[in-house]
Amino acid sequence: CNNCTKPISYVTDAHPGISWRPKAALARARRGTGANARGMKVLCLCVANSARSQMAQGLFEAQSGFCTQVESAGSKPSGKVNPYAVKVMAEKGIDLSSNTSKSIEQVGAENFDLIVTLCAEEVCPHVPGGKKIHWPIPDPAGHGGSEEEQMERFRTARDEIERRIKDFVASQ
């Protein structure tokens, strides 16, 4: 950032100049008071914004009442949501069919309380804004194989993202 020289850890550290107290923010949200009275705003990031970040967006949205806004974006958006991501999320009752692949600039990353990066093999986008959490989920796309093999890779990614989101929400 422009205000300091200390780098931000992608694992769990908040920016050194920001006081991050998610439990207090959520308590205010449940009471209906304070600046963050409606809950947390979450941004899910990966490179293409076609699979992992889209699934994370749908799974965060499914956590009833936790977030007031959830968006996903990518540093190099593919222009479409991967059809396997749409299919495996439909298995959980989550519809991604109308989602679109967006750039970080389109969503305004600086407006979010929590930024979750989901890159594993590639370099994750770095953006200013809220608390950053990095969950290195292998990209299920682009590895070829039969339809069932591809579906299994997407299910594995979906289930790992879902586990991490549930653990995070429970810890708040």
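Me: What makes strand β1 and strand β3 (residues 114-117) a pair?

Reply: Two strands pair if DSSP finds at least two bridges between them. β1 and β3 run parallel and are joined by 4 bridges, so they meet the criterion of at least two. In this pairing Val 42 stands opposite Leu 114, and Leu 45 stands opposite Thr 117. The model is predicted: local features need pLDDT of at least 70, side-chain atom pairs count only at pLDDT 80 or more, and totals for chains, interfaces and linings use all residues. Residues are numbered from 1 along each chain as its sequence is written, and side-chain values use heavy atoms, without hydrogens and water.

Me: How many bridges link β1 to strand β2 (residues 67-74), and in which sense?

Reply: There are 7 bridges between β1 and β2, in the parallel sense. Val 42 stands opposite Val 70 of β2.

Me: Why do β2 and β4 count as edge strands?

Reply: The open sheet has 4 strands in the order β2-β1-β3-β4, with parallel pairing. β2 and β4 each have a single partner strand, so one side of each has no neighbour in the sheet. Neighbouring strands are turned by 20° against each other on average, direction ignored; such angles run from 0 to 180 degrees between N-to-C directions of lines fitted to C-alpha atoms, for helices over the stretch in contact.

Me: Which elements is the chain built from, and what decides what counts as one?

Reply: The chain has 5 helices and 4 strands. Along the sequence, the pattern is α-β-α-β-α-α-β-β-α.

Me: What makes the unit of β1, helix α2 (residues 52-62) and β2 right-handed?

Reply: A crossover is right-handed if, with the strands pointing away from the viewer, the path from the first strand over the helix to the second runs clockwise. β1, α2 and β2 make a right-handed β-α-β unit, so the path from β1 over α2 to β2 runs clockwise in that view. α2 lies across β1, β2 and β3, and runs at about 175° to β2.

Me: Why is β1 called largely enclosed?

Reply: Buried means under 20% relative accessible area, exposed over 50%, and partly exposed in between (1.4 Å probe, protein chains only). In β1 (residues 40-46), 6 of the 7 residues are buried, so the strand is largely enclosed by the rest of the structure. Over the chain of 172 residues, 46% count as buried.

Me: How do you know whether Cys 46, Asn 49 and Ser 50 are buried or exposed?

Reply: Cys 46 in strand β1 has 2% relative accessibility and counts as buried. Asn 49, in the loop between β1 and α2, is buried at 0%. Asn 49 also has a positive phi of about 50° although it is not a glycine. Ser 50, in the loop between β1 and α2, is buried at 13%.

Me: What does Cys 46 touch, and what counts as a contact?

Reply: Contact means heavy atoms within 4.5 Å. Leaving out residues up to four places away in sequence, Cys 46 touches Arg 52, Ser 53, Ala 73, Gly 74, Ser 75, Cys 119 and Pro 125.

Me: What makes α2 a mostly covered helix?

Reply: 9 of the 11 residues of α2 are buried. The elements covering these buried residues include β1, β2, α3, β3 and α5.

Me: How do you know that the span of helix α5 (residues 147-171) agrees with expectation?

Reply: The expected span is 1.5 Å times one less than the number of residues. For the 25 residues of α5 this gives 36 Å, and the end C-alpha atoms are 36 Å apart, which agrees. The buried residues of α5 pack against β1, α2, α3 (83-90), β3 and β4 (131-134).

Me: Which handedness does the crossing of α3 and α5 have, and at what angle do they pack?

Reply: The angle is about 65°, and the axes are 9 Å apart.

Terms used
Helix = DSSP H or I, 4+ residues; strand = E, 2+ residues; numbered from the N terminus.
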